[in-house]
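This briefing goes through one structure by topic. The sequence and model come first, followed by the notes.

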Amino acid sequence: MSRQDKCWDHKPTESFLSSLKRECVTAKIYPTKECVVADVNGYITYYNSRRLHPAIDDITPMEFEK
């Protein structure tokens, strides 16, 4: 990956994790680990298939890949 002070490859990951925390898991209390996994998997599906992304002209990542 990139060297220190050259963190271009980290921005997409940091952006996704920020959205995940802000839109999905903040202020929730999960009773089990399985509930967390199910919620995060559901968010990933939503993030890739239905959520519009301004950085790619307000389309979903799946539409962008086509």
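## Pocket, core and fold

Thirteen residues line the largest pocket, and P12, S15, Y47, H53 and A55 are those nearest its centre. A pocket here is an open set of points on a 1 Å grid over the protein atoms alone, with protein on both sides within 12 Å along at least five of seven lines, and lining residues have an atom within 4 Å of a point. The model is predicted: local features need pLDDT of at least 70, side-chain atom pairs count only at pLDDT 80 or more, and totals for chains, interfaces and linings use all residues. Numbering runs from 1 along each chain as its sequence is written, and side-chain values use heavy atoms, with hydrogens and water left out.

**Largest pocket**
- The volume of the largest pocket is about 240 Å³, taken as the space filled by probe spheres set on the points, which are joined across faces, edges and corners.
- Helix α1 supplies the largest share of the lining of the largest pocket, six residues.
- By class, the lining of the largest pocket holds seven nonpolar, four polar and two charged residues; Ala, Val, Leu, Ile, Met, Phe, Trp, Tyr, Cys and Pro count as nonpolar, Asp, Glu, Lys and Arg as charged, and the others, Gly among them, as polar.

**Fold and confidence**
- The protein chain has three helices and zero strands, in the order α-α-α along the sequence; helices (H or I, at least four residues) and strands (E, at least two) are DSSP runs numbered from the N terminus.
- Mean pLDDT, the predictor's confidence in each residue from 0 to 100, is 81 for the protein chain, with 86% of residues at 70 or more.
- Confidence is highest in helix α2 (residues 33–49), at a mean of 89, and lowest in helix α3 (residues 61–65), at 82.
- Where pLDDT is low, predicted coordinates should not be read in detail.
- Of the 66 residues in the protein chain, 15% are buried, where buried means under 20% relative accessible area, exposed over 50%, and partly exposed in between (1.4 Å probe, protein chains only).
- Among contacts (heavy atoms within 4.5 Å) between residues at least 6 apart in sequence, 19% join residues at least 24 apart.

**Nonpolar core and its surroundings**
- The largest nonpolar core has five residues: F16, L20, C24, Y43 and Y47. Such a core is a set of buried Ala, Val, Leu, Ile, Met, Phe, Trp, Tyr and Cys residues joined through side-chain atoms within 4.5 Å.
- Two or more residues of this core come from each of α1 and α2, and α1 gives the most, with three.
- Beyond its neighbours within four places in sequence, C24 is in contact with S19, Y30, D39 and Y43.
- S19, in helix α1 (residues 11–25), counts as buried because its relative accessibility is 4%.
- Leaving aside neighbours within four places in sequence, the contacts of S19 are C24, Y43, Y47 and R51.
- I44 lies in helix α2 and counts as partly exposed because its relative accessibility is 32%.
- I44 and L20 are 24 residues apart along the chain, with 8.3 Å between their C-alpha atoms.

**Positive phi in the loops**
- A27 is not a glycine, yet has a positive phi of about 70°; A27 sits in the loop between α1 and α2.
- With a relative accessible area of 80%, A27 is exposed.
- D57, also not a glycine, has a positive phi of about 60° and belongs to the loop between α2 and α3.
- D57 counts as exposed because its relative accessibility is 69%.

Definitions and conventions. 1 Å grid on protein atoms, 1.4 Å probe; cavity = no way out; pocket = protein on both sides within 12 Å on 5 of 7 lines; lining within 4 Å.
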